[in-house]
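I opened this notebook to record what I looked up in the structure, entry by entry. Each note below follows one part of the chain.

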Amino acid sequence: MENWQKSILSPESSVEDGIQCLNDSSSKIILICDNQQHLIGVITDSDIRRAMLQRLSLDTKLSEILISHPMVAHEDEDDKSILQRLQNSSIYQIPVLNSFNKVCGLRTINDFLKQNKTRIPVVLMAGGLGTR
């Protein structure tokens, strides 16, 4: 996913900041990271909705509602494996970590759908008896 860095917030950010982040990014996930970009957890748009239904304040810190042990992929993991895990878990996005456990990307189910579009050039000639 391009511009995945827009999805990063600190655990001290508020729910309101999280809503703004989701609105500004094209993803449905917030990556909660420390100052060195180590993943602390994630928050999805569904987590924000649940927080609102529980009547949590917009000033509530994201650290209070984050998922602290999310499913992650590693940068050396092949696409087929990542896609299979996404499908088997019914999730739509997965943070990618490097060998230092720092966030280095975000893969979404849409990344794989875009890759699988096949372009086949076609020339269609129709009509007449083969004469002009």
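I began just after helix H2, where Arg55 takes a positive phi of about 65°. I am working from a predicted model, in which local features need pLDDT of at least 70, side-chain atom pairs count only at pLDDT 80 or more, and totals for chains, interfaces and linings use all residues. Residues are numbered from 1 along each chain as its sequence is written, and side-chain values use heavy atoms, with hydrogens and water left out.

I then looked up the whole chain, whose secondary structure comes to four helices and six strands; helices (H or I, at least four residues) and strands (E, at least two) are DSSP runs, numbered from the N terminus. Along the sequence I read the pattern β-α-β-β-α-β-α-β-β-α. Buried residues (under 20% relative accessible area, with a 1.4 Å probe and protein chains only) make up 37% of the 132 residues.

Next I went back to H2 (residues 45–53), whose buried residues are Asp47, Ile48 and Ala51. These cover an arc of only 100° around the axis, which puts them on the same side of H2; the arc is that of the directions from the helix axis to the C-beta atoms. I found that they pack against helix H1 (15–24) and strand S3 (39–44), where contact means heavy atoms within 4.5 Å.

For H1 I listed Val15, Gly18, Cys21 and Leu22 as the buried residues. Their arc is only 110° around the axis, so they lie on the same side of H1. What covers them includes strand S1 (8–9), strand S2 (29–33) and H2.

I also checked Ser13, which lies in the loop between S1 and H1. Ser13 is buried, with a relative accessible area of 11%, and, not counting residues up to four places away in sequence, touches Thr60, Lys61 and Leu62.

Last, I turned to the open sheet, in which three strands stand in the order S4-S5-S6 with mixed pairing; two strands pair if DSSP finds at least two bridges between them. Strand S4 (73–74) and strand S6 (103–108) are at the edges, each with a single partner strand, so one side of each has no neighbour in the sheet. Two bridges join S4 to strand S5 (residues 93–97), and these two strands run parallel. His74 stands opposite Leu97 in S5. Helix H3 (residues 79–89) packs on this sheet and touches S4, S5 and S6.

Terms used: Axes are lines fitted to C-alpha atoms, for helices over the stretch in contact, and angles run from 0 to 180 degrees between N-to-C directions. Buried means under 20% relative accessible area, exposed over 50%, partly exposed in between (1.4 Å probe, protein chains only).
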